[in-house]
Each structure stands twice: as structure tokens, then as C-alpha cells.
Amino acid sequence: MSAWLPTAPCTPRACVEAPAGATARAVPRGVLRLTGVVLLLLAGIVLSPFGARVPASLVRRWCRWTVRAAGVRVRVTGAAAPTGGLLLVANHVSWLDIPLLAAVRPARMLAKTEVRRWPVAGPLAARGGTLFIDRDRLRSLPDTVARIARALREGSAVAAFPEGSTWCGRAQGTYRRAVFQAALDAGVPVQPVRIRYRLTGGTTTTAPAFVGDDTLLASLWRVVTARGLVAEVEVRAPIPPGTHTDRRSLAGAAQPQETAAPAWTHTVLVA
């Protein structure tokens with residue numbers, strides 16, 4: 001296992017709770033929501049060849065509609081994302097994080113090569129300009145950093161999940177530093193984003209988590225059959241270029257410090 005292949009201790013059995021309202025009555029609701037998500041994804045596939053000609057405002061709305069179609073309410077707070085080259089970074093809990101981050105600002109996603117083989121989502125990601133990482137080949141890391149920096153210099157926004165793995169939301173991993181080197185090389189700001197999932201009453205929930213050996217279909221079904229899911233997206237102020245001289249300090253400044261439980265405690269409890 002390489003340093004570029006971090007893993008989280010979270011597993012569906014140990015961390016993921018049954019969604020609220022997941023009863024027999026939830027099946028029709030889940031089918032209806034799933035149909036809405038599929039229709040919006042198909043619309044995205046149809047529009048994807050037009051690429052940059054699609055207005056950013058429409059892309060943001062489409063991302064919100066997709067999350068809302070799954071039955072998840074979205075609350076976005078904080079600073080507006082600047083224009084020009086920008087590195088967007090966020091903690092990683094669920095596949096929902098991807099449209100939520102794009103709702104902040106449409107960006108080229110940074111994703112593992114396995115995503116390219118996902119049905120529907122894989123081809124859509126490739127058409128959308130996703131930058132794929134081969135995490136099994138550490139030697140390819142410098143070239144990946146150079147490609148990210150080139151995209152940033154050209155004025156693109158690049159979105160990344162520096163933890164390198166999904167966590168259930170009750171704890172978090174350490175931000176890996178490599179992607180921050182691209183922002184330093186390109187001289188662009190970094191915009192930190194914090195994503196949380198709660199129930200309507202404010203209680204933290206792990207139902208949307210996509211962790212361990214969980215399948216995308218199982219995670220999707222948990223989301224669409226749940227009631228009262230809320231995604232909170234906190235957009236923090238961008239970190240201007242030049243305020244940090246090395247990637248370690250830049251990664252530390254970008255990572256949210258508050259956690260529901262210390263990561264080491266969470267690891268022991270899961271184990």
C-alpha cells in the first residue's frame with residue numbers, strides 16, 4: 001500500500017446507521033426519488049458534450065436539483081467562491097459530496113481511476129473533464145500534480161477531497177499534502193469547504209456515508225429511502241496565494257479542525 005492510497009477505518013457495518021423513516025412505506029418514496037436522480041443524470045449526460053458552453057449557474061442548479069431529487073435538503077453558508085484558478089478542497093463522506101461541491105463552483109474533479117469504470121457516473125465524469133489519479137502508482141504522482149497545476153494556471157477550478165478516502169462523518173482523516181503543492185505551483189487560492197450531514201432536528205447522521213466495502217447502489221438506496229436528511233455545506237474564506245510557503249502548512253490551514261470524535265478514538269471503537 002502506498003502513501004497515496006490512504007484508507008479510513010469506517011465500514012458500513014460499524015459506522016453506517018439505518019436511515020430515518022426506512023420502513024416498507026419508504027419503498028415508493030425511494031423509487032420516485034431514484035427515478036428523479038436518474039432523469040437528472042441523463043439530462044447531464046445529454047448536456048455534457050456542450051462543456052464550457054453550459055452556464056456555470058445552470059451547472060450549480062443542476063447539482064442542487066440532483067441532491068434535492070435524492071430527498072436531501074441543501075444548506076450552503078459562507079463565502080462565495082472567487083473566479084479564476086481555484087483549488088476547492090473538502091472532507092469526504094459520501095458520493096453526494098461531488099454534486100454538493102460543484103454547487104459551490106463548477107470544477108474539474110480529482111478522482112481515482114476506478115471512478116472511470118462506474119456505470120453512468122464514470123462516463124459523465126470523464127466528459128466533465130475529471131482529472132483521474134492512478135493511486136496504485138506512486139511514481140505518477142508528480143505528473144498528476146503537474147497536470148492539476150496546469151489546469152489551475154489556465155483559470156480552471158479543481159475540486160479535490162484531500163483525505164483520499166471517505167469517512168463516515170463522525171471523524172475525519174488527515175489532509176494529504178500533494179494536491180496543495182499544485183496550488184502553490186500555480187499561485188492560486190485554496191477554498192476550504194466543510195460538508196456535514198444531519199437530520200432535520202440537527203442530529204448528525206451517517207446514513208449518507210459511502211465507506212469501506214459499501215456499494216454505490218446500497219448507499220444510494222439508503223439516501224433515497226431516508227427522511228429528513230440535510231446536507232450542510234460551509235464555504236470558508238479562500239486562502240490567498242502567498243500566505244503559506246509550504247504544502248504542509250497550507251494543508252493544515254485548509255483542514256477543518258473540529259471533529260465529532262478524535263480520529264484515533266474512532267479508529268479504536270470501529271476496530
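Partly exposed means a relative accessible area between the buried limit, under 20%, and the exposed limit, over 50%. The model shown is predicted.

**View 1. Salt bridge between E232 and R75.** The closest N and O atoms of this pair are 3.8 Å apart. E232 sits in strand β7 (residues 229-235), R75 in strand β1 (residues 72-78). The two residues are 157 residues apart, so the pair links distant parts of the chain. R75 has a relative accessible area of 37%, so R75 counts as partly exposed.

**View 2. Salt bridge between R196 and E234.** The side chains meet at 3.4 Å, N to O. R196 belongs to strand β6 (residues 190-199) and E234 to strand β7, so the pair ties together parts 38 residues apart in sequence. R196 is partly exposed at 21% relative accessibility. E234 is partly exposed too, with a relative accessible area of 29%.

**View 3. Salt bridge between D214 and R222.** N to O, the side chains meet at 2.6 Å. D214 is buried, its relative accessible area being 12%. R222 is buried as well, at 14%. Elsewhere, salt bridges that share partners join R75, R198 and E232 into one network. The model's count comes to 6 salt bridges.

**View 4. Aromatic pair of Y175 and F180.** The count is 1 aromatic pair. Its rings are stacked, 6.3 Å centre to centre, with 20° between the planes. Y175 is buried at 4% relative accessibility. F180 is buried at 0%.

**View 5. Patch of positive charge on the surface.** R176, R177, R247 and R248 gather here. R248 lies in helix α9 (residues 247-254). With a relative accessible area of 55%, R248 is exposed.

Methods: Residues numbered from 1 in each chain as written. Predicted model: local features only at pLDDT ≥ 70, side-chain atom pairs only at ≥ 80, totals over all residues. Heavy atoms only, no water. Phe/Tyr/Trp six-rings, centres within 6.5 Å; stacked < 30°, edge-to-face > 60°. Buried < 20%, exposed > 50% of the residue type's maximum accessible area, 1.4 Å probe, protein only. Patch = residues over 30% accessible without salt bridge, like charges linked within 9 Å, V, L, I, M, F, W, Y side chains within 5 Å. Areas by Shrake-Rupley, 256 points an atom, 1.4 Å probe, with all protein chains shown as cover. Salt bridge = Lys/Arg side-chain N within 4 Å of Asp/Glu carboxyl O. Lys, Arg positive; Asp, Glu negative; His and termini not counted. Charge placed at Lys NZ, Arg CZ, Asp CG, Glu CD. Helix = DSSP H or I, 4+ residues; strand = E, 2+ residues; numbered from the N terminus.
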